[in-house]
Amino acid sequence: MRTIAVLNAKGGCGKTTIATNLAAALAWEGYQVALGDLDPQQSSADWSAARPEEYPEIIALNAADGPIRAPSGTDFLILDSAAGIHGPEMGNLVRRAQTILIPVLPSYIDMNAAYRFLGHLFSLKPIAEGDAKVGLVANRVKPHTIIYRELTGFLEGFKAPVIGHLRDSMNYVRAFERGLSVNDLPAYMAEQDWEEWETVTNWVTSRKSRGKA
C-alpha cells in the first residue's frame, strides 16, 4: 500500500481539493483508494459522505473516529492533513508517507509561507535520506499572468519536481459540493482538467514518486 500525504502548514492552499481529486483520479484508474481526513474541519469527510454511489468507490476514513488504518487490499491511502501542522505531528506524518504532495498558490503570501515550510520539510530525516519523495503542485493558476510566471520560477528553485499545474476553475467548486471531482465531470466541462490531472497521476503512479522505504 502506498501512503500519500497532502501537506502544507498554510491553510487555504487547496490540500483538500488535491486530496479528494487525487483519490477520485486514482479510483477511476481502477485502484482501491482510501481517503483519510486528518483535519478537524472535516472537509474531506464531508465530501466523502456526499459522494454518490454510482461513481468509483473511495473508502472514507476519519481521524475523528480513531487512528486511520486502511483496509487490506488498499492500493493508495491519501491523507488530507490539517493546516498549521508542525512539530511531532508533522514528523509522524512524514515518516508514515512514501509520497508527499505540496500544493502552492500563486500569491506572494503563499510563496513566502511555502519557502519557510519547504525549507523545514526538506531538513526532515525521511526526506533528506530519500525514504519519502516530494512533489510540488502549482494550484489555482491562471496562465499568462505575471504571478503565475513568478510561481513557476519559485517552484523550480526547489529540489523536488513540479508534478502538476492545476488551473483556477469553478469546476472544482461545483464538483466538491456534490461529492465529486473534476474527473467525475463530463468531458465537455472538464476535459482540460482531466488532462492536467493525468500529469499528476502519471507521476504519483510512477516509481520515481516513491521513497526507498
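Residues are numbered from 1 along each chain as its sequence is written, and side-chain values use heavy atoms, leaving out hydrogens and water. Because the model is predicted, local features need pLDDT of at least 70 and side-chain atom pairs count only at pLDDT 80 or more, while totals for chains, interfaces and linings use all residues.

Select helix α1 (residues 15-28) together with helix α8 (residues 187-204), which pack at an angle of about 75° with their axes 10 Å apart. That angle makes α1 roughly perpendicular to α8, a term for angles of 65 to 115 degrees. On α1 the contact (heavy atoms within 4.5 Å) is made by Ile18, Asn21, Leu22, Ala25 and Leu26, and on α8 by Trp197, Val200, Thr201 and Val204.

Next, stay in α8 and select tryptophan 197, which at 1% relative accessibility counts as buried, that is, under 20% relative accessible area with a 1.4 Å probe and protein chains only. Beyond its neighbours within four places in sequence, tryptophan 197 is in contact with residues including Leu166, Val182 and Asn183. Show the side chain of tyrosine 172 as well, since a polar contact of 2.9 Å joins it to that of tryptophan 197; such a contact is a pair of N or O atoms within 3.5 Å, one able to donate a hydrogen and the other to accept it.

Finally, move to helix α3 (residues 87-96), where Met90, Gly91, Leu93 and Val94 are the buried residues. Turn to the face away from that buried side to find Pro88 and Arg95, which are exposed, meaning over 50% relative accessible area.

Note on methods
Axes are lines fitted to C-alpha atoms, for helices over the stretch in contact, and angles run from 0 to 180 degrees between N-to-C directions. Helices (H or I, at least four residues) and strands (E, at least two) are DSSP runs, numbered from the N terminus. Angles under 35 degrees count as roughly parallel, over 145 as roughly antiparallel, 65 to 115 as roughly perpendicular and the rest as oblique.
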